[in-house]
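Hi,

Here is the structure I said I would pass on to you. Have a look at it first, and then read my notes below.

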Amino acid sequence: MRTRWRATHVLAHRDGGHALLRDGEIVWEDDTILYVGTGYDGPVDVELDLGEALVMPGLIDLDALTDIDHLVLDSWGPRELAAGLLWSQDYFDHRRRHVFTPAERATVREYALVQLALHGITTYMPIASEVHSAWAEPYDELVAMARTSRRIGLRGYLGPAYRSGVNVALPDGGRGVAFDEERGREGLRDAVRFLDHTAALGDPLVNGVLLPCRIETLTEDLLRETAATARQRDVLVRLHCLQGMAERDLVRELHGTTPLGLLARTGLLDTRLLVPHGIVTDRHPDAHGEDRGDLAVLAAADVSVVHCPQTSLRYGQVLHSFDAYRRAGINLCLGTDSFPPDLIRGMDAGVHLAKVVDGRTDAAPAEHYVEAATLGGARALGRADLGRLEPGAQADLVAFRLDDIRDGVQDDPVRTLLLNGTARQASHSVVAGRPVMTDGRIPGIDLANLRRRAQSLFETMRAAYGERDLHRRGAGELFPPTFQPYEETSR
Ligand SMILES: [Zn+2]
């Protein structure tokens with residue numbers, strides 16, 4: 001089947017880079033783009049005129065929240081409350097459990113994947129908070145998630161997250177890691193089993209990858225085995241690291257080296273590695289505040305940094321800096337990492353954070369961020385056929401409306417979208433030539449019903465923080481409201 005979209009703006013690809021096409025057309029057949037230009041004269045089966053809109057490559061989110069929002073709970077509290085959101089040693093030893101049933105977890109995943117689709121994301125690599133589960137991510141849960149992902153039609157790079165240990169809050173106010181090494185080995189075995197599962201599925205939209213949790217929660221052995229498995233199976237690895245000073249301190253204490261040193265020592269730098277955040281390198285002001293070679297090491301190993309500007313901003317962090325990493329030759333791709341999965345707002349936040357960090361308005365222009373969200377993501381995945389709209393590439397695309405008076409006046413459609421817009425303007429998307437979102441709707445998904453179920457699961461999740469807290473404080477104490485409820489205000 002052959003489909004044509006028309007729109008006032010198409011972010012096309014030619015001669016190795018994106019190019020803005022005015023009053024453009026894009027035609028695809030089955031899963032492959034046939035034509036991008038202004039005058040296709042062949043026959044088409046389906047036709048859609050999107051009017052004033054920007055059609056661009058579908059957004060690639062490589063740290064995509066597939067969970068219920070937790071940032072709304074944990075991004076604003078004082079230090080003593082933040083510690084209460086971790087597990088206590090007592091919870092680890094005696095009471096750890098899954099907060100959700102498998103059926104509830106399936107709803108959580110469906111809710112999150114629908115959110116990604118609604119925000120114009122077409123390719124994702126998931127991240128979920130393991131804090132609500134008895135350990136990490138069970139194999140069966142990922143099998144169910146792959147099923148949901150196929151039903152919605154997104155392109156996923158999945159695997160069950162695994163770890164040997166859990167961050168715990170210590171009575172002295174510090175943070176440690178409590179280990180159960182056998183659970184870690186079991187997790188890697190499940191991850192390998194999942195690679196076999198995806199290979200057997202033979203669906204190009206479900207790709208198996210290795211997703212160990214965070215560097216400080218894996219033993220050195222498990223990091224080594226992960227690297228060996230990745231090389232043997234030729235699969236991608238994504239490992240949260242270079243994320244914060246607490247991680248750096250823990251890794252120094254446990255291994256006597258920096259997180260980057262540990263990546264090198266365990267062979268992970270020799271894998272096709274994606275590093276979400278990547279904030280704490282030697283350039284970070286709390287590390288050395290100057291370049292001592294870390295960026296060159298990352299670039300030489302062809303590590304992709306999954307930059308998550310909106311999440312970083314909301315936890316008070318920033319990359320030092322987008323431009324420095326880019327100039328060093330590091331492949332930058334993007335992630336949303338937390339709710340909302342709005343890469344348009346994320347890119348906008350990144351552009352402006354970069355201005356503050358580098359002290360100039362052209363530090364990281366919109367086009368560099370759009371490249372990271374498309375071409376950078378494709379490069380991280382080793383996919384020359386994603387992230388670009390040109391004949392022969394996969395038909396993964398998204399349309400953002402630009403026809404609302406609140407969008408403001410039109411100049412450059414990319415700048416207009418980033419400065420004035422949001423990913424909520426996504427109206428249509430297609431993955432491998434098949435519609436995922438049509439006119440803001442996802443076929444077969446009852447959004448009102450899903451919204452109600454997710455709210456109820458959120459209440460369950462919120463209530464469960466107290467049982468893990470070192471001081472067993474209730475949700476009312478851990479998550480005080482902005483203002484007191486009106487009726488309880490004393491007169
Ligand atoms: Zn993350």
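**What I found**

On one side of helix H16, the residues Ala448, Asn449, Arg452, Gln455, Ser456 and Glu459 are exposed. Before I go on, please keep in mind that this is a predicted model.

H16 covers residues 447-468, which makes 22 residues. From its first C-alpha to its last it reaches 32 Å, close to the 32 Å expected at 1.5 Å a residue. Its buried residues are Met461, Tyr465 and Arg468. Looking down the axis of H16, you will find the buried residues within an arc of 65 degrees, so they line one face of the helix. And what do the buried residues of H16 pack against? Their partners are strand S7 (87-88), helix H3 (89-95) and helix H17 (475-478).

**The two domains**

The protein is divided into domain 1, made of 1-56 + 387-442, and domain 2, which is 59-385. Taken over C-alpha atoms, the centres of domain 1 and domain 2 are 29 Å apart. Where they meet, 25 residues of domain 1 are in contact with 31 residues of domain 2.

Which elements give two or more residues to the side of domain 1 that touches domain 2? They are strand S17 (397-401), helix H15 (413-420), strand S18 (426-431) and strand S19 (434-437). H15 gives the most to that side, with five residues. By type, the residues on the side of domain 1 that touches domain 2 divide into 14 nonpolar, seven polar and four charged.

**A kinked helix**

Helix H14 is worth a look too. H14 runs over residues 366-381 and has 16 residues. Its reach from first C-alpha to last is 22 Å, close to the 22 Å expected at 1.5 Å a residue. Even so, there is a kink of about 40 degrees in H14, centred on Ala372. Is H14 largely enclosed or exposed? In H14, 14 of the 16 residues are buried, so the helix is largely enclosed by the rest of the structure. Just after H14 comes Gly382, with a positive phi of about 70 degrees.

**Backbone details in the loops**

One goes from His320 to Ser321, with omega near -5 degrees. Ser321 sits in the loop between helix H11 (309-314) and helix H12 (322-327). Another cis peptide bond joins Phe339 and Pro340, where omega is about -5 degrees. You will find Pro340 in the loop between strand S16 (331-334) and helix H13 (343-358).

Then there are some positive phi values. Leu242 has a positive phi of about 55 degrees although it is not a glycine. Its place is the loop between strand S13 (237-238) and helix H8 (245-255). Is Leu242 buried or exposed? Leu242 has 26 C-beta neighbours inside 10 Å, and 20 or more make a residue buried, so Leu242 counts as buried.

Ala432 is not a glycine either, yet it has a positive phi of about 50 degrees. Ala432 lies in the loop between S18 and S19, two of the strands that give residues to the side of domain 1 that touches domain 2. With 20 other C-beta atoms within 10 Å, Ala432 is buried.

Over to you!

Conventions: Residues are numbered from 1 along each chain as its sequence is written. This is a predicted model: local features need pLDDT of at least 70, side-chain atom pairs count only at pLDDT 80 or more; totals for chains, interfaces and linings use all residues. Helices (H or I, at least four residues) and strands (E, at least two) are DSSP runs, numbered from the N terminus. The expected span of a helix is 1.5 Å times one less than its number of residues. A residue is buried if 20 or more other C-beta atoms lie within 10 Å of its own, exposed if 12 or fewer, and partly exposed in between; C-beta atoms are placed from the backbone. The arc is that of the directions from the helix axis to the C-beta atoms. Two residues are in contact if their C-beta atoms, placed from the backbone, lie within 7 Å. Domain bounds come from an automatic or database domain assignment. Ala, Val, Leu, Ile, Met, Phe, Trp, Tyr, Cys and Pro count as nonpolar, Asp, Glu, Lys and Arg as charged, and the others, Gly among them, as polar. The bend at a residue is the angle between axes fitted to the seven residues ending there and the seven starting there.
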